[in-house]
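Dear colleague,

I am passing on the structure we spoke about, together with some notes to read beside it. Please keep it open while you go through them.

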Amino acid sequence: MAVNITLTMIKPEAVGKNYVGPILNMINEAGFKIAAMKLTKLSTRQAEAFYAVHSDRPFYTDLVEFMSSGPIVTAILEKENAVADFRKLIGATNPANAEKGTIRKLYAESLQKNAVHGSDSDENAQVEADFFFAKSDRVDYM
Ligand code: CMP
């Protein structure tokens, strides 16, 4: 299995509730290496661009407003099978359906305020990593 990357964001409500430390701890304990990381705040335009794939969905406007409402922590995570393993670690999009012990089960508030984002494919992980980070921002462990 090749080592690859995924992109995460710890979302504004989870940052606001001081869950950054516990969430990063779970990410480390699960064997992910942090290849780049920063605290930042999305502008409305950046949030619109990041979630452009959802622009036709009824929740898009609210999602953009929420994701630009406060600071986020975003990181590139490296591991074998990173995309699938991270999605397992975070649990279902809706925390009500997330398995016990997952990040969303422990720390998410609602379907929208679901604590963390994780890329859904290797291709999107690359696009999303490039959205936030220059090549020179990344540590290469490979
Ligand atoms: P995320 O993994 O960041 O990808 C898209 C986000 O849209 C998702 O997490 C949720 O925060 C949000 N989302 C997805 N479906 C819904 C929905 N039905 N209603 C409200 N928000 C949603």
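D62 counts as partly exposed because its relative accessibility is 46%, where buried means under 20% relative accessible area, exposed over 50%, and partly exposed in between, with a 1.4 Å probe and protein chains only. D62 is placed in helix 4, residues 60-67; helices here are DSSP runs of H or I with at least four residues and strands are runs of E with at least two, numbered from the N terminus. Along the chain D62 and A84 are 22 residues apart, and their C-alpha atoms are separated by 27 Å.

Before going further, please note that this is a predicted model, in which local features need pLDDT of at least 70 and side-chain atom pairs count only at pLDDT 80 or more, while totals for chains, interfaces and linings use all residues. Residues are numbered from 1 along each chain as its sequence is written, and side-chain values use heavy atoms, with hydrogens and water left out.

The ligand comes next. Which residues surround the ligand? They are K11, Y51, H54, F59, L63, T93, R104, L111, Q112, N114 and H117, a residue being near a molecule if one of its heavy atoms lies within 4 Å of it. By class, this shell holds four nonpolar, five polar and two charged residues, with Ala, Val, Leu, Ile, Met, Phe, Trp, Tyr, Cys and Pro counted as nonpolar, Asp, Glu, Lys and Arg as charged, and the others, Gly among them, as polar.

In the side chain of K11, an N or O atom is 2.8 Å from an oxygen atom of the ligand, while for the side chain of R104 the corresponding distance to a ligand oxygen atom is 3.3 Å. A polar side-chain atom of N114 lies 3.1 Å from an oxygen atom of the ligand. Of the 460 Å² of accessible area that the ligand has on its own, the protein covers 78%, by the Shrake-Rupley method with a 1.4 Å probe.

N18, in the loop between helix 1 (12-16) and helix 2 (20-29), has a phi near 60°, a positive value in a residue other than glycine. N81, in the loop between strand 3 (72-80) and helix 5 (82-90), likewise has a positive phi, near 55°. For context, most residues other than glycine have a negative phi. N18 counts as exposed because its relative accessibility is 66%, whereas N81, with a relative accessible area of 26%, is partly exposed.

S121 sits in the loop between strand 4 (116-118) and helix 7 (122-132), and is buried, since its relative accessible area is 18%. A polar atom of the S121 side chain lies 3.0 Å from the backbone nitrogen of N124.

Two further residues complete these notes. I72 lies in strand 3 and counts as buried because its relative accessibility is 0%; I72 and Q46 are 26 residues apart in sequence and 12 Å apart in space, C-alpha to C-alpha.

How values were computed: A polar contact is a pair of N or O atoms within 3.5 Å; within protein, one must be able to donate a hydrogen and the other to accept it, and residues adjacent in sequence count only if both atoms are side-chain atoms.
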